[in-house]
Amino acid sequence: FLPQVDSANAGRVLASDAAVFLKKSGLTDLVLGKIWDLADTDGKGILNKQEFFVALRLVACAQNGLDVSLSSLNLPVPPPRFTDTSSPLLLSGTASSDLPWAVKLEDKVKYDSIFDSLNPVNGLLSGDKVKPVLLNSKLPVDILGRVWELSDIDRDGMLDRDEFAVAMFLVYCALEKEPVPMSLPAALVPPSKRKPLSVPGAMPLIPSSTKEPHQSLPPVGILAAKTPLTQ
């Protein structure tokens, strides 16, 4: 992977080059920011070869549902996956298109009925409508924030029918004491969302641990209010 981000062969990787490359992992800006902070040990915005390998290892940990922490570095994980059709070394995201969806049909029917009861507009639910349902689970706010971030797959601040099913699936997993993954497993991505996504616009630099990732619906913000539940 190193030659792709160290074109000058200087033995180091700049933040801007790393940001473009690491975004291909499919992880959220929040997770990538944490990975960068752990790998960039001296805070200079540049990774040497060893630090870059640490970043790749942490990407692999996050993609396999492990905590992004230095204690995870010694755990056995498959190599990190990056979506890039221009390189035979990198796995393309389309390989997961044949995976069966983790959401079972009978559960999808149940989630759809909840979705319809929340009065979606043009097939979409706003964060304000989803918030009471998430809060009703009594899960910690940081867990619910991650559920929102993972289920809002197209990052539009709204959930469609399939995205809502992903959110409900993750909530029920958390209630069964299963950890909510740091990135959405391929089997959980709805079949309707499995085309390779191209994200338009400029790429923000990763080293920004003090800044929230840009979202139209910040997770903690939507969940902070104590909303009386009618559902």
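**Close-up views of a predicted model**

View 1. The side chains of Thr 28 and Glu 149 are joined by a polar contact of 2.7 Å. Thr 28 counts as buried because its relative accessibility is 7%, which falls under the 20% cut-off.

**View 2. The buried residues of helix α3.** In α3, the buried residues are Val 31, Leu 32, Gly 33, Ile 35, Trp 36 and Ala 39. These buried residues pack against β1 (12-14), α2, β2 (46-48) and α4. As a guide to reading such a list, an α-helix has 3.6 residues a turn, so residues three or four places apart point the same way.

**View 3. The packing of helix α3 with helix α4.** The two helices, α3 and α4 (residues 49-63), pack with their axes 9 Å apart and at an angle of about 145 degrees, and α3 passes α4 in a right-handed crossing. On the α3 side, the residues that take part are Val 31, Ile 35, Leu 38 and Ala 39, and they meet Glu 51, Val 54, Ala 55, Leu 58, Val 59 and Ala 62 in α4. Sorted by kind, the residues of this contact comprise nine that are nonpolar, none that is polar and one that is charged.

View 4. Asp 160 lies in the loop between β4 (158-159) and α8 (161-175), and it counts as buried because its relative accessible area is 17%. A polar atom of the Asp 160 side chain lies 2.8 Å from the backbone nitrogen of Glu 163. Although Asp 160 and Gly 123 are 37 residues apart along the chain, their C-alpha atoms are separated by 5.9 Å. Leaving out neighbours within four places in sequence, the residues in contact with Asp 160 are Phe 115, Gly 123, Leu 124 and Lys 193.

**View 5. Two buried cysteines, Cys 61 and Cys 173****.** Cys 61 counts as buried, with a relative accessibility of 0%, and Cys 173 is buried as well, with a relative accessible area of 16%. A disulfide is a covalent bond between the sulfur atoms of two cysteines, and the structure holds zero disulfides.

Note on methods:
Residues are numbered from 1 along each chain as its sequence is written. This is a predicted model: local features need pLDDT of at least 70, side-chain atom pairs count only at pLDDT 80 or more; totals for chains, interfaces and linings use all residues. Side-chain values use heavy atoms; hydrogens and water are left out. Buried means under 20% relative accessible area, exposed over 50%, partly exposed in between (1.4 Å probe, protein chains only). A polar contact is a pair of N or O atoms within 3.5 Å; within protein, one must be able to donate a hydrogen and the other to accept it, and residues adjacent in sequence count only if both atoms are side-chain atoms. Axes are lines fitted to C-alpha atoms, for helices over the stretch in contact, and angles run from 0 to 180 degrees between N-to-C directions. Helices (H or I, at least four residues) and strands (E, at least two) are DSSP runs, numbered from the N terminus. A crossing is left-handed if the near helix is turned anticlockwise from the far one by less than a right angle, and right-handed if clockwise. Contact means heavy atoms within 4.5 Å. Ala, Val, Leu, Ile, Met, Phe, Trp, Tyr, Cys and Pro count as nonpolar, Asp, Glu, Lys and Arg as charged, and the others, Gly among them, as polar. A disulfide is a pair of cysteine sulfur atoms within 2.5 Å.
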